[in-house]
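The sequence and the model come before the discussion.

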Amino acid sequence: MPARQFQRLSPSFQAFWLGLASGLNSFYYSSPRANPLFHVLLWGAPVLEKLAKFGLARGYSVTEIVYAYPFLTRKEWVPRGHRFLVESVLRHGHERKLWNNPQIEAMAQEIHETVCAELNHWKFGPHGSDGLYVHQMGLGEAFANYLRLIHGLRRGNPEKLKRIKEKALQRAKSLASMAP
């Protein structure tokens, strides 16, 4: 999985993120537990390219980016699961407003709360047994992983889940427009 995400990065961004593994011996370099790059790559190319682009434009090192955005390496954040939230914030936000980690995390939390409320409204429970598998609905990999890994939702009604995704993206846009 991390290798696939690494391949999706452009060469300049690959070089940027490889800095996380700089100086590791071969044992640590090849260890998913010891090499932080394995965890960070699970955030996916859209998130990592946006953060690397921001860092490179300002002359930041990869270490400074990871320090500025600690959610990238925190164990409480499940990169494949939370990717949709962070992608939504970064996609809809204006760069000058959103390069503030607490603000990104707070907006991601608000989008998450919007999705939770909608799932409760539509009475989606974990491990839904009716409908299509979420990864087969064309909702996008990040949203499907979010539903599966964070909410435990494996199946559901495609139309309702598309509406929930639209509401989440609308919430991301409105939060970004309100950001100071």
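Which residue's side chain meets that of Arg 171 in a salt bridge? The partner is Glu 110, with an N to O distance of 2.5 Å.

## Basis of the description

This is a predicted model, in which local features need pLDDT of at least 70, side-chain atom pairs count only at pLDDT 80 or more, and totals for chains, interfaces and linings use all residues. Residues are numbered from 1 along each chain as its sequence is written, and side-chain values use heavy atoms, with hydrogens and water left out.

A salt bridge here is a side-chain nitrogen of Lys or Arg within 4 Å of a carboxyl oxygen of Asp or Glu. Searching the whole structure gives six of them. Helices, cited by number below, are DSSP runs (H or I, at least four residues) counted from the N terminus.

The bridge between Arg 171 and Glu 110 connects helix H11 to helix H9, across 61 residues of sequence. Both ends are partly exposed: Arg 171 has a relative accessible area of 25% and Glu 110 one of 31%. Burial is judged on that area, with buried meaning under 20%, exposed over 50% and partly exposed in between (1.4 Å probe, protein chains only). Lys 167 and Glu 118 form another bridge, their closest N and O atoms being 3.4 Å apart. Lys 167 is in helix H11 and Glu 118 in helix H9, so this pair ties together parts 49 residues apart in sequence. Lys 167 is partly exposed at 40%, whereas Glu 118 is buried at 14%.

Glu 141 and Arg 8 also meet through their side chains, at 3.4 Å from N to O. Here the link runs from helix H10, which holds Glu 141, to helix H1 (residues 2–8), which holds Arg 8, and the two are 133 residues apart. Glu 141 is partly exposed at 36%, and so is Arg 8 at 43%. Salt bridges with shared partners join Arg 8, Arg 83 and Glu 141 into one network.

Gln 5 lies in helix H1 and is buried, at 2% relative accessibility. Contact means heavy atoms within 4.5 Å. Apart from neighbours within four places in sequence, Gln 5 is in contact with Leu 41, Gly 44, Ala 45, Arg 83 and Glu 141. Two of these contacts, Arg 83 and Glu 141, belong to the salt-bridge network with Arg 8.

## The nonpolar core

A nonpolar core is a set of buried Ala, Val, Leu, Ile, Met, Phe, Trp, Tyr and Cys residues joined through side-chain atoms within 4.5 Å. The largest one has 51 residues, and Trp 17, Leu 72, Phe 84 and Leu 161 have the most contacts inside it. Among the elements that give it two or more residues are helix H2 (11–18), helix H5 (45–57), helix H7 (79–92), helix H9 (101–121) and helix H11 (158–178).

Trp 17 touches Leu 9, Leu 37, Val 40, Leu 48, Leu 51, Ala 52, Val 62, Ile 65, Val 66 and Leu 72, leaving out residues up to four places away in sequence.

Axes are lines fitted to C-alpha atoms, for helices over the stretch in contact, and angles run from 0 to 180 degrees between N-to-C directions. Angles under 35 degrees count as roughly parallel, over 145 as roughly antiparallel, 65 to 115 as roughly perpendicular and the rest as oblique. H7 and H11 pack at about 45° with their axes 8 Å apart, which means that H7 is oblique to H11. The contact involves Phe 84, Ser 88, Arg 91 and His 92 of H7, which meet H11 residues including Lys 165, Ala 168, Leu 169 and Ala 172.

H7 and H10 pack at about 130° with axes 7 Å apart, and are therefore also oblique. From H7, residues including Arg 83 and Phe 84 take part, and from H10 residues including Glu 141, Phe 143 and Tyr 146. In H10, Ala 142, Phe 143, Ala 144, Asn 145, Tyr 146 and Leu 147 are buried. The buried residues of H10 pack against H7, H9 and H11.
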